[in-house]
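I opened this entry to look up one residue and its surroundings, and then to step back to the chain that holds them.

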Amino acid sequence: MSDTSVAVGDTAPDFTLRNQNGEEITLAEQLRQGPVLLVFYPFAWSGICTGELCSIRDDLAGYTGEGAAQVLAISCDPMFTLRAWADAEGYTFGLLSDFWPHGAVASDYGVFDADSGMAIRGTFLVGTDGKVVWSQVNGPGQARDFAGYRDALAAL
């Protein structure tokens, strides 16, 4: 893992990844529609990851409603794994595959653990200007607290 992750005030690294439906998603294009919440997580089907993404799913309007952001969840899982997980759990927001080159986007954000081959729990709110306005980085076994996200979003 990098010693430092992308910090508040930094320009968010742009990327293009495939979502669970095989569609290419580019951060710069998504920012034209409004702010974006990037949610890096270790693995599909794991306990904490499922709990966190189900929390987003169950309060999706609170994350993506009027004046809110688009949610893009990113892991190093293959696209087909993400599709099966999205179908099983009813996730309607984008699950992006950072599978190949393995962990390249997570590395750009400073949240890739090369020893484990996974992203750690990095969360970044990116404003329409491409700057990170809020971030939180937790270790693999630590569930994140999204409370600061709502305050940061309100400040946009």
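I began with L82, which I found in helix 4, the run of residues 79–89; the model I am reading is a predicted one.

Is L82 buried or exposed? I looked up its relative accessibility, which is 0%, and because buried means under 20%, L82 counts as buried.

I then asked which residues touch L82 once its neighbours within four places in sequence are left aside. The contacts I noted are Q20, Y41 and A44, then S75 and D77, and finally L95, L96 and S97.

Next I turned to the chain as a whole.

I counted six helices and nine strands in the chain. The radius of gyration is 14 Å, close to the 15 Å given by the globule rule for 156 residues, so I take the chain to be as compact as a globular protein of that length. Along the principal axes, the C-alpha atoms fill a box of roughly 35 × 35 × 30 Å.

On burial, I noted that 51% of the 156 residues count as buried, and that the chain exposes about 7,000 Å², of which carbon and sulfur atoms supply 50%. Of the contacts between residues at least 6 apart in sequence, 64% join residues at least 24 apart.

Definitions and conventions. Residues numbered from 1 in each chain as written. Predicted model: local features only at pLDDT ≥ 70, side-chain atom pairs only at ≥ 80, totals over all residues. Heavy atoms only, no water. Helix = DSSP H or I, 4+ residues; strand = E, 2+ residues; numbered from the N terminus. Rg over C-alpha atoms; globule rule 2.2 N^0.38 Å. Buried < 20%, exposed > 50% of the residue type's maximum accessible area, 1.4 Å probe, protein only. Contact = heavy atoms within 4.5 Å. Areas by Shrake-Rupley, 256 points an atom, 1.4 Å probe, with all protein chains shown as cover.
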